[in-house]
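My notes follow in the order I looked things up.

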Amino acid sequence: YVSGGNHIQLRPAAETSYRKLAFAPDSSHLYFSVRDQNDPTGAVYKIPVFGGAPLKLLDGVSSFALSPDESSIALARADAEQKQDVIVIAPLDGSPRRDVASFPTDLSFRFDTISWSANGERLAVSALKDDKRYQNEIAVIDVATGGITRVPVTNWREITKTAWLKDGNGLVITAVENGSNASVPHYQILHVEYPSGRTHNITVDRSNYGASWHNDAGTSLSLSDDTEFLLSVEHRQLTNVWVAPSDDLNAARQVTFGSFGKYDGMWGLDWTPDGKLIYTTSDTRSQFIAQMNSDGSEAHSLTQAGQVDSVLTLTSDGRYVVFHSNRGEAYEIDIWRMDIDGANPKRLTFGGKAYQPAPSPDGRWVYYRSNLGRTGELCRVPIDGGDPECFDKLNAAWGSFSPDGKYFAANNRTDKSRLTIFESETLSVVKQFDIAKTGTLFMGSRWTPDGRAVAYRDVDFGYWIQTIDGGDPRRMEGLPEERLYNFAWSKDGKWFAFVRGQEIRDVVLIENWVN
């Protein structure tokens with residue numbers, strides 16, 4: 001209850017992903033979509049708000065928007081054959097679905113941003129601008145005719161949620177400002193006038209509203225029926241670097257003391273051959289790379305603020321730092337290298353959408369993920385620059401090489417994501433392992449210093465160790481039971497650096513927000 005009171009559990013705990021929640025107009029029922037073993041493609045259910053048996057309504061649905069008269073939902077589907085993404089109206093009584101409007105795949109909309117106007121005549125979505133590949137605006141669709149009109153939203157880049165005002169003369173959205181490239185995006189809540197597109201800030205701070213960089217499922221922006229109250233989730237995050245002896249992780253000590261908004265080490269952390277740390281840090285608008293001693297002293301920047309320099313790794317010989325950056329074009333991410341002291345930066349890829357660099361131990365190549373295609377693929381480029389080489393249909397991400405260079409570990413997705421060990425020269429699959437249920441290779445993997453295992457993060461707390469000989473993954477012992485991020489062993493294997501953080505989420509109710 002917003003006004004307080006007892007919590008009511010509607011469904012028992014289970015290994016289930018709830019993708020969307022929506023109250024019926026009279027608040028008697030709750031509609032939700034779920035994805036699990038029983039419903040692998042998603043399904044929509046409804047359940048009484050005070051508990052009861054859920055009723056399945058539709059199959060094959062993940063994110064959706066409930067119509068004001070409760071008769072239908074709006075959803076999105078991808079049409080690969082026609083190379084377009086389609087907005088669909090699906091009646092809840094099982095009647096045939098109707099395609100309403102379509103967008104070219106390369107200029108598509110966010111599937112989870114659909115919202116209905118109060119009169120049920122219009123839909124709104126966040127869509128890419130025709131002339132700016134990395135800019136969003138609001139597309140408004142006439143439900144009866146399928147006609148699309150565009151509402152420009154200037155100075156704001158990515159729009160992640162939309163919600164109509166009751167009178168139909170505006171919307172509330174969550175969006176991130178142009179030029180704001182902090183390590184954790186600062187999505188703010190805005191009032192957008194319709195049809196002019198004029199915007200007014202509702203929130204202005206370092207928190208993140210209505211979206212999460214690692215999990216954007218569910219409802220995180222909602223208006224009351226009279227639009228006087230606005231409900232959202234406020235997310236604040238703090239990260240700092242810690243260092244411990246590899247054989248005594250309980251003896252870890254904190255070496256950076258950044259405040260909210262700096263995110264020290266979050267997107268990259270590695271050791272130099274002489275025992276210093278290279279790490280990412282941030283301000284409110286950019287990400288950059290810094291260096292410090294292992295005790296945190298003599299910290300100084302290696303790259304300038306004002307851009308995105310992120311996801312760093314050092315070459316095995318410690319000569320170069322490789323990273324991805326947008327310093328070539330405003331919203332184009334490419335692979336770069338620089339000397340270990342920050343000198344002589346060199347761009348290695350061109351064309352954008354190149355991420356997650358992993359230098360080969362022999363110093364000849366930088367492997368990376370290219371998202372120029374729709375599904376993404378593994379590519380490599382010479383460390384001194386040259387033409388890239390891509391490996392078709394190898395959907396590998398967040399890779400790392402074993403210390404001896406024989407193997408390459410990555411998150412490889414076929415029917416599902418798996419930790420896959422490749423032979424480095426041929427990229428043939430050597431072994432595959434299921435990732436721990438709460439594990440993730442997002443943000444990267446690392447080989448243990450002896451080359452016998454691969455470590456990766458857990459979304460709840462700590463790290464997992466998967467030995468390449470087989471068996472189930474095990475948790476690293478001696479670390480705090482809280483969310484951890486990037487990590488790295490020193491070149492001699494004697495020290496372990498990791499990023500420890502706090503994520504604070506609160507449901508916030510905003511009233512009297514109208515300008």
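**Ground rules.** I count two strands as paired if DSSP finds at least two bridges between them. Helices (H or I, at least four residues) and strands (E, at least two) are DSSP runs, numbered from the N terminus. This is a predicted model, where local features need pLDDT of at least 70, side-chain atom pairs count only at pLDDT 80 or more, and totals for chains, interfaces and linings use all residues. Residues are numbered from 1 along each chain as its sequence is written, and side-chain values use heavy atoms, with hydrogens and water left out.

**Entry 1: the β33–β34 hairpin.** I started at β33 and β34, which form a hairpin with five residues between them. Gly405 sits in that turn and has a positive phi of about 80°. Four bridges join β33 to strand β34 (residues 407–413), and the two run antiparallel.

I then checked cover. Buried means under 20% relative accessible area, exposed over 50%, and partly exposed in between (1.4 Å probe, protein chains only). Six of the six residues of β33 are buried, so this strand is largely enclosed by the rest of the structure.

**Entry 2: the sheet around it.** In what order do the four strands of the open sheet run? I read β33-β34-β35-β36, with antiparallel pairing. β33 (396–401) and β36 are the edge strands, each pairing on one side only. The twist averages 20° from one strand to the next. Here axes are lines fitted to C-alpha atoms, for helices over the stretch in contact, and angles run from 0 to 180 degrees between N-to-C directions.

β35 and β36 run antiparallel and are joined by five bridges. Thr420 has Gln432 in β36 as its bridge partner. As a reminder to myself, strands of a sheet pair through backbone hydrogen bonds, either parallel or antiparallel.

**Entry 3: salt bridges.** I searched the whole structure and found 21 salt bridges. My criterion was a side-chain nitrogen of Lys or Arg within 4 Å of a carboxyl oxygen of Asp or Glu.

Arg418 forms one with Asp434, the closest N and O atoms being 3.7 Å apart. Arg418 lies in strand β35 (residues 417–423) and Asp434 in strand β36 (residues 429–434), so the pair ties together parts that are 16 residues apart in sequence. Arg418 is buried at 16% relative accessible area. Asp434 is partly exposed at 46%.

Next I looked at Arg475 and Asp458, a salt bridge with its closest N and O atoms 3.7 Å apart. Arg475 is in strand β40 (residues 474–475) and Asp458 in strand β38 (residues 453–458), 17 residues apart. Is Asp458 buried or exposed? Asp458 is buried, with a relative accessible area of 0%. Arg475 is partly exposed at 26%.

Asp59 and Lys56 meet through their side chains at 3.1 Å, N to O. Asp59 is partly exposed at 47%, and Lys56 is partly exposed at 36%. I also noted a network of salt bridges linking Asp39, Lys56 and Asp59.

**Entry 4: the disulfide.** How many disulfides does the structure hold? I found one, taking a disulfide as a pair of cysteine sulfur atoms within 2.5 Å. Cys379 is joined to Cys390, S to S 2.0 Å. The link is right-handed, with 100° about the S-S bond. Cys379 is in strand β31 (residues 377–382) and Cys390 in strand β32 (residues 389–391), 11 residues apart. Cys379 is buried at 0%, whereas Cys390 is partly exposed at 35%.

Entry 5: I moved to strand β14 (residues 170–177), which is mostly covered: seven of its eight residues are buried. Strand β13 (residues 156–164) pairs with β14 in the antiparallel sense over six bridges. One of the partners is Thr174 in β14, which bridges to Lys161. The hairpin of β13 and β14 has five residues between the strands, and Gly168 takes a positive phi near 75° there.

β14 is also joined by six bridges to strand β15 (residues 188–193), and these run antiparallel. Ile173 stands opposite Leu190 in β15.
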